[in-house]
Amino acid sequence: MPRSEVLFVGGRSGVGKSTAAEALHDLLVAADVAHAVIEGDVLDLAHPAPHVAHPEVRLAERNLRSMWAGYRELGHHRLVFTNTVSVLEHERLAAAMGDDPLVTAVLLRASDDTTAGRLVRRAGGPVPQAQLAHSTATAGRLDSAAADTVARVDTDGRTPEQVARRLGALTGWFPDRPSR
């Protein structure tokens with residue numbers, strides 16, 4: 001079986017991680033490229049938050065290991081993984097996959113105005129100022145803390161398909177198109 005490959009997509013709330021992953025999924029399906037998509041935010045979604053109440057358990061990594069093992073058993077070797085801070089934790093997350101994957105890490109970026117508009121649409125109404133402020137602070141932290149090896153992709157003024165095509169280009173997962 002080929003070596004595993006993983007695309008870690010990180011970024012602030014409202015930047016378009018899930019939307020870009022869905023668009024990439026659609027493009028990969030259209031190209032008949034086998035892959036899996038995991039929304040990392042749900043791997044330890046509970047109250048109280050396991051990563052806060054029991055950080056030593058590393059529940060998200062344990063759940064990723066288990067889920068990825070299931071996909072590998074089915075023959076998958078490409079994974080799209082979205083999570084806000086995945087670009088800061090991509091080495092630990094890749095290790096949790098258990099099979100030394102080839103890693104591409106991408107930080108999606110967008111302006112405050114763009115993300116505010118997206119969050120308003122997602123919420124269906126006003127978004128608390130504290131949530132917007134947290135998104136802005138997270139953007140700054142991610143951009144300054146992410147390694148230089150993490151690609152940056154701006155989403156302002158781009159459609160989800162355009163962002164997905166950029167992600168696909170960074171991974172090299174799309175088959176070459178025959179020349180006409």
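Which residues of H6 are buried? In this predicted model, local features require pLDDT of at least 70 and side-chain atom pairs pLDDT 80 or more, whereas totals for chains, interfaces and linings use all residues. Residues are numbered from 1 along each chain as its sequence is written, and side-chain values use heavy atoms, without hydrogens and water.

The buried residues (under 20% relative accessible area, 1.4 Å probe, protein chains only) of H6 are Leu 132, Ser 135, Thr 138 and Leu 142. Because they cover an arc of only 120° around the axis, they lie on the same side of H6; the arc is taken from the directions from the helix axis to the C-beta atoms. Gln 129, Ala 130, Ala 137 and Ser 144, on the other side of H6, are exposed (over 50%). The buried residues of H6 pack against helices H4 (86-97) and H5 (112-123) and strands E4 (102-109) and E5 (151-154). Helices (H or I, at least four residues) and strands (E, at least two) are DSSP runs numbered from the N terminus.

Glu 61 is found in helix H3 (residues 59-73) and is buried, with a relative accessible area of 7%. The side chains of Glu 61 and Arg 92 are joined by a polar contact of 2.5 Å (a pair of N or O atoms within 3.5 Å; within protein, one must be able to donate a hydrogen and the other to accept it, and residues adjacent in sequence count only if both atoms are side-chain atoms). With residues up to four places away in sequence not counted, Glu 61 touches Arg 92, Leu 93 and Ala 96 (heavy atoms within 4.5 Å).
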